[in-house]
Amino acid sequence: MQPKPFILKVLDIVSIIVLAVAAYLALVFAPTEAVMGQVQRVFYFHIGTAWVGLLGFVIAAVAGVTYLITKNARWDRFEVAAVEVSTVFFFITIVLGSIWARPAWNTWWTWDPRLTTAAITELIYIAYFMLRQGIEDPEKRARFGAVYTLLGGISAPITFMVIRLFRTIHPVVIGSQSAAAQGGFSMTSDMKVAFFFSLFAFTVIFIDLMWHRIRLGSLEDKVEQLKLKVSM
Amino acid sequence: MMDIKPEIADNRPQTVGRSSSIIHRPSFIKATLAIIQKDLSAEFRSFELISAMLVFSLLVIIIFNFALELDVKVRQSVTSGVLWATFAFAGTLGLNRSMSVEKDRGCMDGLLLAPVDRSVIYFGKAISNLIFMLIVEAVVLPVYSMLYNVNLFRLDLLGVILLGSIGYAAVGTLLSTMSAQTRTREVLLPILLFPVAMPVLLASVKASSGLLAGAEFSEVLAPLNLLIVYDVIFIAIAFMVFDFVVEE
Amino acid sequence: MIEVKKLVKRFGLKTILRGLDFSVEPGEFVALLGPNGAGKTTFLRILATLSRPSLGAVNVAGYQLPNQAAQVRAKLGVVSHMPLLYPDLTAEENMRFYGRMYGIGKIEERITEVLEMVGLENRRKDLVRTFSRGMQQRLAIGRAVIHDPEVMLFDEPYTGLDQDASEMLDDVLRTVAAEGRTVVMTSHDLVRAEELATRFDILSRGVIAASTTQKQLKETNLLSFYKQALAD
């Protein structure tokens, strides 16, 4: 087995440190928001995870297209890693959002365009895993996976645009204003520090996890190869 | 390994049936039409697929009737939702069946062996699937109109239904080709299809409920535009990626 | 007529064909024999343009695969263990459909001609689903020769047939499908293969392990040759 690359080891440690710093900035350093109080602190991580979640889905769709063009298994591993890591981050985003929404909007969930699109995107990627699970041939699995991330990557933004139409015409649970209006606030400079650092921290963590997952993928392939050699 | 050339190599005998030595490949449109006609004449003989879709649609409407208690007031606002849910469910039934006809006896291989572009197969199947959906809709709409005393036969509404069905059949045909090749087959299709087809279904519901509520045409232009955008984009993508879905 | 050099086919990490060399002269009838999992069907599917080679050069009827697949398909007829026919269409309609897919002119005459050749002229208006397995297989041969191909591929054509049906199929295969064409057939049935083919290639572990012709077999029989080849 190849040893873990040195840079990856460093990145692991950096990830832990930036996560700790981001937590400190969000929970202690940033001032308490006047209207919503402590619960607003969830916001920093909420945006951080949402950002990398979306980033991962874009990366996955691009990796999928690249796979279809090059047929290089590396891009398939890249795509799986991106989808897997993003699915988890996106889930965290939704949970954090709900925690924030409960006091801010007085409901855990609302069929707002962002929330709904997030939920549908999660479902697309759960479907993606189910699709992959149902295919034995790794080459076909990669091909179908790539096609599906492409379809999902294009349909998700259109879903968002369509749901926005529902909002603008229909009255909704939390009043006729947009989501940002309910529980919106302007950031102080300390809040901005926490906010941008959180974005940075989650980007680092995302890269670290992606790297681990890609490495795991190629190790899996190695194991398969060795198994085949033994059985020959 | 030995390399032997048998005598019959030269002077090959001619078969009795050897009539045309020059092979013409069929044009794109002719081959697509051949597939559509084949699907339609098989279906109009057995009515397996359409009758299943129809009975299923009626059952779905009955369930909605009691689940939503479709009285006059509720009906107004949910008609388009009920219709599109019905079309979507019945649609997956038809898509699955239409693809398993090809898969069961290896006919998909037969199609793939023909000297035509892969996209001919895609368009042929997609248009057949669309026609099946439209036939089912053409029966469900008057039945629904009669049951609930609403007039659904309006040109603008039919236009929305056509656009929605096109998008649904376009993505559905691509995804049913994929799901037919997986272990879970039929079960997988709705799971793959619904989240990706969400824009079609939502935009269609939006546009049709707007029209049914008596909105001006300009008011439903936004969902209609998105519907058209979706149709165009997804037909183009399906056209481009279909090769990847059928090759080995 | 068929020229294959260093053909490799991988499914993911599994290598099915390992640098296979194979060539068939015009008019030859080659039987591909070998144990299950040797890659016979995979190889035939590559020749049939249904599967892409991973590496190597494949030339069929003067065209290169996979790039000129459409040209190859126009000159290729395939009979597999599945009939590739639509049960809800009549014999005639099935032929018409495939005829149109091959762009055949004077289609009605050709249909009659082919149905006569396979002995199903009087059943032309009957649904294929009412046909026995043997009749379906004969019609499948008719389907495969409708465009008068130069090269025929048979993939286990006897699967699921009883003794009588097999004998009848023998006849049709010999007179309709094989005569004047180049044929490659895979089969488990050594006896039938021995009767039909002019050359026997044994596929084992992804390469042609041995080859012999009908003439050379005079002193020994195919079964002992087959056993010998696999034992080596």
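Which residue in β9(C) is the bridge partner of C:L32? In β9(C), that partner is C:D201.

This is a predicted model, in which local features need pLDDT of at least 70, side-chain atom pairs count only at pLDDT 80 or more, and totals for chains, interfaces and linings use all residues. Residues are numbered from 1 along each chain as its sequence is written, while chains are lettered from A and ligands numbered from 1 in the order in which they are written.

Chain C has 8 helices and 10 strands (DSSP runs numbered from the N terminus: helices are H or I with at least four residues, strands E with at least two). Of its 232 residues, 53% count as buried, that is, 20 or more other C-beta atoms, placed from the backbone, lie within 10 Å of the residue's own.

An open sheet with mixed pairing has 6 strands in the order β6-β7-β8-β3-β9-β10 (chain C); two strands pair if DSSP finds at least two bridges between them. The edge strands, β6 and β10 of chain C, each pair on one side only. Strands β3 and β9 of chain C pair in the parallel sense over 4 bridges.

| Helix | Strands | Angle |
|---|---|---|
| α1 (residues 40-47), chain C | lies across β3, β7, β8 and β9 of chain C | about 150° to β8(C) |
| α8 (residues 222-231), chain C | touches β3, β9 and β10 of chain C | about 30° with β9(C) |

Contact requires C-beta atoms, placed from the backbone, within 7 Å. Angles run from 0 to 180 degrees between N-to-C directions, with axes fitted to C-alpha atoms, for helices over the stretch in contact.

Notes. A residue is buried if 20 or more other C-beta atoms lie within 10 Å of its own, exposed if 12 or fewer, and partly exposed in between; C-beta atoms are placed from the backbone. Two residues are in contact if their C-beta atoms, placed from the backbone, lie within 7 Å.
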